[in-house]
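Reader: I would like to learn how to read a model like this one, feature by feature. Could you walk me through it?

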Amino acid sequence: MRVDAVSKANQEAFFTYCRAHRNEVDDSYLYEEDLADFVLGEDNPTYLVMEKDAVVAAASLVIDDYHRRGRRARFRIFHSEKADQGIYQELLDALRPSIAGLDYIFVFVPEEDLQTPKIIKHLGFFIERSSYMLIRDTSKQLVMPELPESLKLQMFRPGMDESHYVTVRNRGFENLLGSQTPLLEEQVSKMIKDQDHLPEGMLLLFDGDQAVGIVRGTDDEYEGQPIVCIGPLAIIPEYQGRGLGRYLLRTIVKSAAEMGYKRVYLSVNAENDGAKALYLKEGFTQEEAIHCYRFNCK
């Protein structure tokens, strides 16, 4: 066996491997549109393990500006067809020049995958956090709470609301494990141009001229059916505890139903007991669990 860096010559072999195994791993960066946008370079260091002419393992990191500012990188895929610790070690070694200067790298592993954790723990990975995927049927009864008269809800206005959006998101998530890196306005401008963007699903809550809450729903697919992914949902600290999170949650569920979606989903960190309790009360049920495994680079 040998380890090859992905190049234009073997890029299609990498894509084929991702398609063959994306149902076994966290597929957040393995959708067709993600593969179509894949660009060779320092932001996407990628390696294959070859047995004769066949790909038997792959590792690819996402080191975009957002992750680089947090001095970290996440795996797009870290997978082997063979339960061989040596193969994972070779892939990790190949990536070391690309992660020099970072604090850590991480990979999400579905809870039902019992084999991968056993292997990567021996390489130095450990669980940093866990999260749950919660799903709700949009046909369930929904009663909208009253919104205080001083507050107003409006759709995101491109070119006007980028600063409002990042302010709320960053203040609301500043203590949320895994989300502390601030979002930038230019990232929001890019988000609204993505294929999954739903103009009706990006909403801001204002108190006068001050944005105090945000919620976003994007187009996604789950089990072969369209679904709306909810996130982020954030309220600035001084407005929390007033039922505004519940209001935004019900609003985006209602909006998804009006757009024709039958289901919505969101993810919540395991340690965020208050948020999970709210979602369960709001008719969501736990569908999946996933664990974030971290590897310290230093």
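**Reading a helix, a core and a hairpin**

Author: Gladly, and let us start with helix α8: eleven of its 15 residues are buried, so α8 is largely enclosed by the rest of the structure. Do keep in mind that this is a predicted model.

Reader: Which residues of α8 are buried?

Author: The buried ones are L244, G245, Y247, L248, L249, R250, T251, I252, V253, S255 and A256. Notice that R250, T251 and S255 are on that list along with L248 and I252.

Reader: Now the interior. What is the general idea there?

Author: In soluble globular proteins, nonpolar side chains tend to be buried together. Here the largest nonpolar core has 44 residues, and Y165, V188, L205, I230, Y279 and F284 have the most contacts inside it.

Reader: Which elements each supply at least two residues of this core?

Author: They are the helices α6, α7, α8 and α9 and the strands β8, β9, β10 and β11. Helix α8 gives the most, with seven residues.

Reader: Let us turn to strands. How should I read β8?

Author: In a regular strand the side chains alternate between the two faces of the sheet. As for β8, five of its six residues are buried, so the strand is mostly covered. Strand β7 (residues 151-155) runs antiparallel to β8, joined to it by five bridges. Strand β9 also pairs with β8 in the antiparallel sense, over six bridges.

Reader: How many residues lie between the strands in the hairpin of β8 and β9?

Author: There are two, and in this hairpin G208 takes a positive phi near 65°.

Reader: What about cysteines?

Author: A disulfide is a covalent bond between the sulfur atoms of two cysteines. A search of the whole structure finds zero of them. For C18, the nearest cysteine sulfur is that of C292, 19 Å away. C18 has 0% relative accessibility and so counts as buried. For C297, the nearest cysteine sulfur is also that of C292, 13 Å away.

Reader: Finally, how do I read the chain as a whole?

Author: Begin with the inventory: the protein chain has nine helices and twelve strands. Its radius of gyration is 20 Å, close to the 19 Å that the globule rule gives for 298 residues, so the chain is as compact as a globular protein of that length. Along the principal axes, its C-alpha atoms fill a box of roughly 65 × 35 × 30 Å. Of the 298 residues, 51% count as buried. Among contacts with a separation of 6 or more, 70% are between residues 24 or more positions apart.

Methods. Residues are numbered from 1 along each chain as its sequence is written. This is a predicted model: local features need pLDDT of at least 70, side-chain atom pairs count only at pLDDT 80 or more; totals for chains, interfaces and linings use all residues. Side-chain values use heavy atoms; hydrogens and water are left out. Buried means under 20% relative accessible area, exposed over 50%, partly exposed in between (1.4 Å probe, protein chains only). Helices (H or I, at least four residues) and strands (E, at least two) are DSSP runs, numbered from the N terminus. A nonpolar core is a set of buried Ala, Val, Leu, Ile, Met, Phe, Trp, Tyr and Cys residues joined through side-chain atoms within 4.5 Å. Two strands pair if DSSP finds at least two bridges between them. A disulfide is a pair of cysteine sulfur atoms within 2.5 Å. The radius of gyration is taken over C-alpha atoms; the globule rule is 2.2 Å times the number of residues to the power 0.38. Contact means heavy atoms within 4.5 Å.
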